[in-house]
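Subject: Structure for your files

Hello,

Please find the structure below. My notes on the domains, the interfaces and a few local features follow it.

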Amino acid sequence: MASPSGTPTKITQGSQTKGGIGESTLRPDGTLKVTGEFAYSSDMWHEDMLWGQILRSTVAHAEIVSIDTSEALATPGVYAVMTYDDLPTDVKNYGLEIQDTPVLAHGKVRHHGEPVALVAADHPETARRAAAKIKVDYRELPVITDEASATAPDALLVHENRDDHHAGHVPHPNIVHRQPIVRGDVAAARERADVIVTGEYTFGMQDQAFLGPESGLAVPEEDGGVHLYIATQWLHSDLRQMAPVLGLPEDKVRMTLSGVGGAFGGREDLSMQIHACLLALRTGKPVKIVYNRFESFFGHVHRHPAKLYYEHGATKDGKLTHLKCRIVLDGGAYASASPAVVGNASSLSVGPYVVEDVDIEAIALYTNNPPCGAMRGFGAVQACFAYEAQMDKLAAKLGMDPVEFRRLNAMEQGTLLPTGQPVDSPAPVAELLRRVKAMPMPPERQWESSEGADVRQLPGGLSNTTHGEGVVRGVGYAVGIKNVGFSEGFDDYSTAKVRMEVVAGEPVATVHTAMAEVGQGGVTVHAQIARTELGVTQVTIHPADTQVGSAGSTSASRQTYVTGGAVKNSCELVREKVLEIGRRKFGSYHPAWATAELLLEGGKVVTDAGEVLGDLADVLEGETVEVEAEWRHRPTEPFDLRTGQGNGHVQYSFAAHRAVVEVDTELGLVKVIELACAQDVGKALNPLSVLGQIQGGTTQGLGVAVMEEIVVDPKTAKVKNPSFTDYLIPTILDTPTIPVDVLELADEHAPYGLRGIGEAPTLSSTPAVLAAIRAATGLELNRTPVRPEHLTGTA
Amino acid sequence: MRVNFTVNGRPQEADDVWEGESLLYVLRERLGLPGSKNACEQGECGSCTVRLDGVPVCSCLVAAGQVEGREVVTVEGLADFAKQRAEGGCASGACGTSSQNAQGWDAKGSDSQTGEGTELSTIQQAFIDAGAVQCGFCTPGLLVAADEMLERNPNPSDADIREALSGNLCRCTGYEKIMDAVRLAAARQSEAV
Amino acid sequence: MDFLRPASWEEALAAKAEHPTAVPIAGGTDVMVEINFDHRRPEYLLDLNRIGDLCEWEVGEESVRLGASVPYTKIMENLRAELPGLALASHTVASPQIRNRGGVGGNLGTASPAGDAHPALLAAGAEVEVESVRGSRRIPIDAFYTGVKRNALAADELIRAVHVKKADGPQQFSKVGTRNAMVIAVCAFGLALHPETRTVRTGIGSAAPTPVRAKAAEEFLTAALEEGGFWDNGQIITPSVAKQFANLCSAACNPIDDVRGTASYRRHAVGVMARRTLTWTWESYRGARRLTEGAA
């Protein structure tokens with residue numbers, strides 16, 4: 001079939017844009033994005049295409065007694081209706097790590113909104129009406145919604161007959177994974193403590209709330225395969241899960257990345273990928289599926305809600321003695337990334353502090369709540385909320401300044417993590433705290449103006465709830481640690497294909513990876529790396545697809561590190577080949593070809609002393625140099641299942657925040673006045689993009705501090721607020737100024753010394769805001785998000 | 001049902017429109033103008049913002065049948081719209097467009113593969129220059145809303161900017177670079193005057 | 001579904017008479033959400049956008065006749081002096097884009113307790129002008145809300161305008177939401193001082209099955225102001241009076257626990273807003289009084 005409209009094309013940047021790494025070059029896709037021409041997955045269109053619709057369960061836990069599709073099938077305009085019985089192969093489940101997620105429900109539904117049947121029709125309304133005609137008879141089962149109901153002696157099993165690789169070591173089949181970490185002697189250390197503080201903390205279920213809903217277009221191909229245009233975070237992971245279900249070899253499932261409207265972890269799992277392909281293969285027609293916002297809340301995993309039980313001790317001179325903690329993450333009905341979330345939560349539960357004696361346990365539950373998985377900073381975010389609350393409690397109990405108390409216990413390069421792994425790159429935790437504290441404070445009472453109170457600058461904002469009454473300012477601090485890249489022995493690699501040739505007399509580099517550009521600016525950085533390494537101006541970014549090897553996921557703050565590293569590596573290999581050609585063609589003209597260290601700069605081959613040996617265009621005349629190579633970061637190892645010991649992580653990212661809030665203490669409304677951040681980024685490849693990541697991550701942390709939560713009814717396990725009317729994310733009036741102090745301490749193990757940066761600011765933002773609200777109100781506040789009810793005693 | 005209206009200065013006709021369809025759907029799926037985005041379809045995010053007879057509205061909440069005979073400007077037509085305004089032409093969107101101009105928005109984009117060389121409005125260029133674009137899904141709606149605000153209020157305070165853009169959600173940027181972009185566009189426009 | 005496009009008010013009334021189940025659509029900010037989210041599939045949509053009269057307003061001697069479709073933006077911009085409470089309420093409606101489309105007719109037609117205009121209309125005193133082919137009538141706002149998302153309209157009637165009394169004293173509106181912009185009311189409160197009649201009126205949103213007035217609170221405050229000679233002496237209202245007024249406003253609520261807030265919080269917040277808006281309006285009244293006296 002012909003290519004659909006909206007098929008991504010190569011983007012060449014260079015005639016106006018220059019700049020290698022370290023410069024704030026502009027996005028190559030920027031012009032397309034501001035003119036509305038950039039094609040997102042929901043913008044794809046094909047002549048004669050059908051619309052797919054998914055029927056989802058209306059109950060959380062039930063046996064499916066029967067499904068009757070006859071009336072739906074008989075609807076004019078309907079081309080196909082599919083249920084579990086129509087799946088083409090014996091592979092009927094998928095999953096990132098554990099293949100426990102049914103493509104379509106089989107005999108049972110385990111959460112509210114689980115896909116049950118599919119419809120393809122000639123108009124979305126026809127598809128919706130037909131889906132509504134499918135009769136599903138449910139026999140409801142009791143719902144499992146928390147640790148008590150999941151591990152009760154008579155608890156129903158969310159998944160019976162588990163045979164996954166975690167099944168053997170978990171204490172109960174409704175626990176996906178458990179990771180203990182024990183080190184030192186907590187009992188002895190506890191004896192040394194002069195003060196002990198404990199806390200029970202609750203972290204609500206956050207949604208990624210990316211703006212571009214799940215969508216894609218599946219086009220059947222003449223060879224019996226299918227071509228999927230899709231918004232995802234990891235093309236090859238999707239492919240690996242899809243092909244067996246479709247009954248196709250991987251080379252018959254072509255994947256092209258369409259424009260991605262944000263991700264933040266929510267596109268790490270499959271959503272409508274298999275469904276669209278099934279319908280396209282069944283009907284022989286292109287099928288487009290676009291979730292609306294309501295469906296999107298059911299169509300992707302969320303951030304794990306958590307209960308965190310912490311005990312810390314400290315000596316009276318302010319040194320931490322020990323940590324005992326237990327972190328219970330609710331994974332919901334399917335495993336998704338739960339095992340990795342457990343790994344992060346446990347190994348980073350101590351935070352960026354020196355604590356030698358620890359007794360840690362993290363588990364993820366199977367329940368009938370919505371499935372939870374990847375979201376920016378997973379595992380580490382929940383832990384940071386708890387350990388930073390603990391730090392403030394300890395400082396208060398010791399009568400110490402909270403920042404000084406943290407600095408006194410801050411980890412540094414060489415500190416051992418509770419897993420026994422040494423931190424072998426700069427860990428400027430104390431310095432970040434110093435810097436964020438040193439930033440100038442925002443002026444008081446900014447709402448006052450000559451014309452009275454400007455409500456836009458007050459808690460409640462435009463709603464006109466206060467003109468200054470009840471408003472109290474508070475300041476809070478927090479700092480966090482996030483691992484960068486995939487940990488625990490995962491073979492975390494990326495692939496880059498780089499080509500160099502002469503086009504219209506100019507040397508041009510083409511970079512082709514499968515990296516999912518989800519907004520983070522990876523494509524900008526790839527062009528910068530190619531310019532730096534290959535000395536060219538013009539760089540073409542090839543659309544991401546599965547015609548090149550895997551890039552791994554756009555998650556875990558890893559893409560600039562790993563795919564950036566792969567691009568750099570492939571560029572270096574290309575450079576060697578180019579120089580070989582140069583030596584062959586021109587070596588006899590100048591001895592330096594053979595003797596000097598040669599570089600590519602400004603379109604020329606130059607010696608390290610700066611002498612020009614020739615034009616790249618002449619060297620490459622009639623030649624095309626292309627290299628596709630995989631690149632890996634240093635290997636990691638799994639954590640021991642009993643002790644949690646092991647060199648599980650490859651790199652860390654640190655950020656600190658200072659939040660200044662004003663709270664209307666009578667109404668419980670919060671206005672965040674400023675959220676200052678200091679972060680070590682190793683090396684800012686693109687300073688403008690770095691700021692964008694830090695400010696964006698900070699704001700998502702703000703959201704879960706004061707407003708964002710998916711509310712699940714504990715009696716029915718049904719979602720109560722699946723819409724942007726009731727799941728609130730910060731508007732521009734909720735978001736403060738976010739001054740950023742960027743520190744660049746190179747990590748010698750990473751390309752250019754860079755550090756993954758995307759997640760760390762999401763960690764410390766939330767506890768800093770909570771600390772500031774506590775400071776303003778004097779309340780303990782052990783849960784996030786904090787609601788007006790919690791601030792006014794009306795919960 | 002059939003709906004006739006003007007989009008970016010060009011008369012358009014959409015046929016077989018289902019009565020429940022929104023203006024957004026018609027623009028995106030029937031007229032090949034997917035620049036306006038479908039992020040929430042409940043008026044909460046502003047990604048679908050267009051100008052209807054000059055006024056910024058959420059196109060997801062306008063029934064297609066309601067735009068019969070009316071003028072719509074989308075992000076695809078924003079550069080031309082701003083250009084005409086700068087040249088002293090119709091700025092409200094409520095007046096007709098000559099057939100010469102009607103071709104304009106379609107013909108632009110000197111090289112759609114690079115994007116470079118495309119003529120942009122001040123606000124569009126400012127969004128690129130200030131780093132206000134990440135995933136870009138909120139961008140079209142923000143551009144239409146911000147452009148209209150600057151038309152009404154060429155020297156906005158920060159609070160004015162925040163109020164005017166409070167109906168446009170962005171999940172990537174934390175809004176700081178969007179603030180920078182609007183300030184930059186305001187400064188550039190006042191220099192140009 | 002059929003899309004009816006009457007070109008005049010008379011055509012609209014005729015269409016509504018012929019198809020009483022037809023759902024009127026003007027700004028679309030409620031109806032289209034329900035259609036987009038598949039919550040509603042009316043047999044007929046009755047588009048009112050082509051009836052220009054609905055977007056117009058007239059300022060009369062006593063009151064303002066506000067067309068049902070006058071967008072909130074226009075109310076904010078043009079009627080701040082005449083209808084200060086409604087103008088403030090209009091400013092809290094959703095987003096600029098929504099305020100450009102939505103009007104009071106939609107709030108009244110939907111009759112959701114969370115509609116932002118209701119408390120201001122209740123406090124100011126308003127009448128809803130409704131019409132059918134059978135004729136026109138005016139429904140006092142106090143009799144308009146009949147149940148959760150139900151109003152006093154007959155099936156063949158359409159809302160043409162609201163007649164709102166011009167402010168004879170300060171008015172305020174305040175609304176609580178868990179976000180600083182673009183938020184549906186957790187609860188809302190409107191207050192209007194009526195120095196001409198030496199009365200006060202209130203309106204409460206999202207804290208009962210329908211928008212309600214806090215009548216006991218109004219009576220208490222009216223009496224307290226009279227007894228203390230406050231209207232004449234312009235003294236600061238004593239904290240105990242303000243507190244009692246707030247308590248009575250809280251007591252007028254009959255809220256529920258839902259995903260937006262608890263009943264307990266709603267009661268509490270209405271009390272706080274009542275006290276604050278009383279302070280603001282009274283300070284404004286005293287200020288205006290001083291100015292008048294100064295001029296005299």
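The domain bounds used here come from an automatic or database domain assignment. On that basis chain A is divided into domain 1 (43–141 + 213–260 + 267–299), domain 2 (152–205 + 303–380), domain 3 (422–483 + 648–792) and domain 4 (493–632).

Two notes on conventions. This is a predicted model, in which local features need pLDDT of at least 70 and side-chain atom pairs count only at pLDDT 80 or more, while totals for chains, interfaces and linings use all residues. Residues are numbered from 1 along each chain as its sequence is written, chains are lettered from A and ligands numbered from 1 in the order in which they are written, and side-chain values use heavy atoms, with hydrogens and water left out.

Domains 3 and 4 of chain A

The centres of domain 3 of chain A and domain 4 of chain A, taken over C-alpha atoms, are 39 Å apart. Their contact (heavy atoms within 4.5 Å) involves 16 residues of domain 3 of chain A and 13 residues of domain 4 of chain A. Buried area is the accessible area (1.4 Å probe) that two parts lose on being put together, summed over both. For this pair it is about 1,200 Å², with 59% from carbon and sulfur atoms. On the domain 3 side, A:Leu685, A:Pro751 and A:Tyr752 lose the most area to domain 4 of chain A, together 42% of what that side buries. A salt bridge is a side-chain nitrogen of Lys or Arg within 4 Å of a carboxyl oxygen of Asp or Glu; between these two domains there are zero.

Chain A with chain B

Here 76 residues of chain A meet 61 residues of chain B. The two chains bury about 5,200 Å² between them, 56% of it on carbon and sulfur atoms. In chain A, the residues that lose the most area to chain B are A:Val34, A:Leu211 and A:Ile732, together 16% of what that side buries. There are six salt bridges between chain A and chain B. B:Glu29 forms a salt bridge with A:Lys288, with the closest N and O atoms 3.0 Å apart.

Chain C with chain A

This contact takes 34 residues from chain C and 43 residues from chain A. About 3,200 Å² is buried between chain C and chain A, 51% of it on carbon and sulfur atoms. C:Arg179, C:Asn180 and C:Arg276 supply 25% of the area that chain C buries against chain A, more than any other three residues. The salt bridge count between chain C and chain A is six. C:Arg41 pairs with A:Glu125 in a salt bridge, the closest N and O atoms being 2.6 Å apart.

Local features

Helices (H or I, at least four residues) and strands (E, at least two) are DSSP runs, numbered from the N terminus. A:Thr784 and A:Pro785 are joined by a cis peptide bond, with omega about 0 degrees. A:Pro785 lies in the loop between strand E34 (783–784) and helix H19 (788–792) of chain A. B:Asn8 is not a glycine, yet has a positive phi of about 50 degrees. B:Asn8 sits in the loop between strand E1 (3–7) and strand E2 (10–14) of chain B.

Regards
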